[in-house]
Amino acid sequence: MDFIVCFGAIRHCMKALKFLGGGKSAIEDVPIPQPGPGEALIKIAVSAICGSERRDYLNGCDFISGHEFAGEVAEINNCRNVKPGDRVSINVIKGCGECLYCQTGSPQLCHDSAGCAGGHAEYAVVAERCCLPLPKNMPWDIGVLLGGDTFGVAHRAVSKLPSGTGKIAVVSGAGPIGIGVSLMLKYCGYYVLAVESIDRRRNFILNEIGVNEACDPAKTDIKKRLFDLYGQIGPDVVIECSGNAEAQKNALSWVKAGGTVVFCGENTKGLTIIPSVDIIHKEVTLTGAFYFNKNDFYNLCRLYSLGFDPLKAVGQKVPLDESPQAFESFFGGQAGKILLTRI
Ligand SMILES: [Zn+2]
Ligand SMILES: [Zn+2]
């Protein structure tokens, strides 16, 4: 397969967003990729900008970025589970496909960290096993949100918590993951207090997502506020989404004895904790949430069919042609989750 027949014309090239380095990007014409054995070519309907693209955006890269996308299968090469015309969302995690974790449906735990990319273009090639078939009639923008990290990680994090009714949750950090987590916690009945230092993010999570409180840690004594809320006990759960070491330390300090802390924000630099004080004597459960698997995706689809609305998390929708400006405003801190549309 070396061409695409589109409205009777043969196309060899497509539009794609290239990261040029120095925080610059541009739409360029590039060859349409070809699927190898076990791969599918996806005609992309929508992709989403993710905070994890920051390094490649700032440094530049020779591949096409974008790992959150949904579209229609255009071509296949020796695939058994997808066919042309299928509507799919893409699970970024590819995995080796053969280890215990991959075989039992948790490729995010596989030793092979290779993932899908190429989503900020008209077409992308993905491994067949990364395709998540969308429920009939699910809109593309819902599909990309439920099949992407914003809600995938949120679902994974929230599924590790006790049920929400009457419980107090703190969400530390109100970027896209914090927004997804907060929306899900509210849906599950928690009282949610978000902690975020950026005004725009705090306003968004309070007014659009509907958390109960959004506090600036520079202006509010968070520990005192939490003690006031719950009789000097502290929150039942804290979901740390910023990756900041001080915030991670705070999460362990704020949570009540017997409570649960989930780390979603990446921190590869290190964190000093005192196990006796922070975990053992409080009997705290500390865990992590890393990406998501098919179970998370299908449960999210069910939640959507029951009324959960992921669109509240979206700050803007812009056409792919305007993606260079969209990236500038996203990484300039001026916009929340952005969807890049194709039509
Ligand atoms: Zn992502
Ligand atoms: Zn594997």
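**Entry 1: a loop residue to start**

I opened the predicted model at E283, which lies in the loop between helix 9 and strand 15. I looked up its backbone angle: E283 has a positive phi of about 50°, although it is not a glycine. I noted that most residues other than glycine have a negative phi. Is E283 buried or exposed? I found 9 C-beta neighbours inside 10 Å, so E283 counts as exposed.

**Entry 2: another positive phi**

I went on to N137, in the loop between strand 9 (131–133) and helix 3. N137 isn't a glycine, and yet I read a positive phi of about 70° for it.

**Entry 3: S113**

My next stop was S113, which I placed in the loop between helix 2 (100–103) and strand 8 (123–127). S113 is exposed, with 9 other C-beta atoms within 10 Å. I then checked S113 against C96: they are 17 residues apart in sequence, and their C-alpha atoms are 8.5 Å apart in space.

**Entry 4: domains**

How is the chain divided into domains? The assignment I looked up puts 4–148 together with 292–341 in domain 1, and gives 155–288 to domain 2. I wrote down 29 Å between the C-alpha centres of the two domains. Where they touch, eleven residues of domain 1 are in contact with twelve residues of domain 2. Which element gives the most to the domain 1 side? I found that helix 10 (residues 294–305) does, with three residues. By type, I sorted that side of domain 1 into four nonpolar, four polar and three charged residues.

**Entry 5: what the record says**

I turned to UniProt, where the entry is unreviewed. Its annotation "domain: Alcohol dehydrogenase-like N-terminal" covers residues 36–136. Over that stretch, 36–136, I get 10% helix and 31% strand, with the end C-alpha atoms 28 Å apart. The same record, by its annotation "domain: Alcohol dehydrogenase-like C-terminal", covers residues 176–303. For 176–303 I get 45% helix and 16% strand, and the end C-alpha atoms are 19 Å apart.

I traced an open sheet of six strands, in the order 12-11-10-13-14-15, with parallel pairing. Which strands are at the edges? They are strand 12 (213–215) and strand 15 (285–288), and each pairs on one side only. From one strand to the next, I noted an average twist of 15°.

Then I followed the pairing inside the sheet. Strand 10 and strand 13 run parallel, joined by four bridges. Here V171 stands opposite I239 in strand 13. Strand 13 is also joined to strand 14 by four bridges, and this pair runs parallel too. For V238, I found the bridge partner V261 in strand 14.

I stayed with strand 14 to look at its two faces. In a regular strand the side chains alternate between the two faces of the sheet. In strand 14, T260 and V262 are on one side, V261 and F263 are on the other, and all of them are buried. Both faces of strand 14 are covered, then.

**Entry 6: helix 8 on the sheet**

Which residues of helix 8 (residues 245–254) are buried? My list reads A247, Q248, N250, A251, L252 and W254. Their cover includes strand 10 (168–172), strand 13 (237–240) and strand 14 (260–263), and I also noted helix 7 (222–229) and helix 9 (275–280) there.

**Entry 7: helix 4**

I finished on helix 4 (residues 149–158). Why is this helix largely enclosed by the rest of the structure? I counted its buried residues: ten of the ten are buried, so helix 4 is largely enclosed. Among them are the charged D149 and R156, along with F151, G152 and H155. What covers them? I noted helix 3 (140–146), helix 5 (176–187) and helix 10 among the helices, and strand 13, strand 14 and strand 17 (337–341) among the strands.

Methods. Residues numbered from 1 in each chain as written. Chains lettered and ligands numbered in written order. Predicted model: local features only at pLDDT ≥ 70, side-chain atom pairs only at ≥ 80, totals over all residues. Domains from an automatic or database assignment. Contact = placed C-beta atoms within 7 Å. Buried ≥ 20, exposed ≤ 12 C-beta atoms within 10 Å, placed from the backbone. Pairing = 2+ DSSP bridges. Axes fitted to C-alpha atoms, helices over the stretch in contact; angles between N-to-C directions. UniProt positions renumbered as here; feature names shortened; annotations may be inferred.
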